[in-house]
Amino acid sequence: EEATRVDLGRVLLSRQEIQLGETIFIEEPLLLFSLDVEDVISSALDKVLRSSSEIQDKVKDLFLPQESLVRQQSEEAFGFWEALAKEVSSSYGSQHPPQELLAIILRLQANLHQAAQTQAALFSKASKIAHSCDPNCLFLINKTTHNLLLRAKKSIKKGEVLTISYLG
């Protein structure tokens, strides 16, 4: 179940006791993107903007990292993404303001997962799984179907935040 925590933002909580090794959910990708391009984020942004309004709304619902934290991690990358947002915005007119596009870019950067050798995927539900250095879950992506499988790495109590390691 989804919840909002002051310290973590929107997260997923277990609805029941979950045993070690138990499958928690399987999720189909929201969108798939090619990694065989020079600029994955630009290509992914273009695909999102060409998607249905329903898909765009789901992308806008993905985890959004705080701009200040992203800027601290890499001022150069953040500047590139800001410039990209302005460039794409000018080609779309007033339909997509730069700040809206920057938010989509930050969501893509934070939520893309490699789904196969040459593909990345976005997952709506999985984007709300919190990070922990001692996670209670692990995820696997099926290289054929591209579905994400979330499995308990240890026993999880009802109401506990579901966590994975973002570090791999």
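How do strand 8 and strand 9 pair, and over how many bridges? Strand 8 (residues 137-141) and strand 9 (residues 148-152) pair in the antiparallel sense, over five bridges. This is a predicted model, where local features need pLDDT of at least 70, side-chain atom pairs count only at pLDDT 80 or more, and totals for chains, interfaces and linings use all residues. Residues are numbered from 1 along each chain as its sequence is written, and side-chain values use heavy atoms, with hydrogens and water left out.

**The hairpin**
- Strands here are DSSP runs of E with at least two residues, numbered from the N terminus, and two of them pair if DSSP finds at least two bridges between them.
- Strand 8 and strand 9 make a hairpin with six residues between them.
- In the turn sits His 146, with a positive phi of about 70 degrees.
- Ile 141 stands opposite Leu 148 in strand 9.

- Three strands form an open sheet in the order 4-6-5, with antiparallel pairing.
- Strand 4 (31-34) and strand 5 (113-116) are at the edges with a single partner strand each, so one side of each has no neighbour in the sheet.
- Strand 4 and strand 6 (residues 119-122) run antiparallel and are joined by four bridges.
- Look for Ser 34: its bridge partner in strand 6 is Gln 119.

**Charges over rings**
- A charge counts as over a ring if NZ of Lys or CZ of Arg is within 6 Å of the ring centre and within 35 degrees of the ring normal.
- Lys 47 lies over the face of Phe 33, at 5.7 Å from the ring centre.
- Lys 125 lies over the face of Phe 25, at 4.5 Å from the ring centre.
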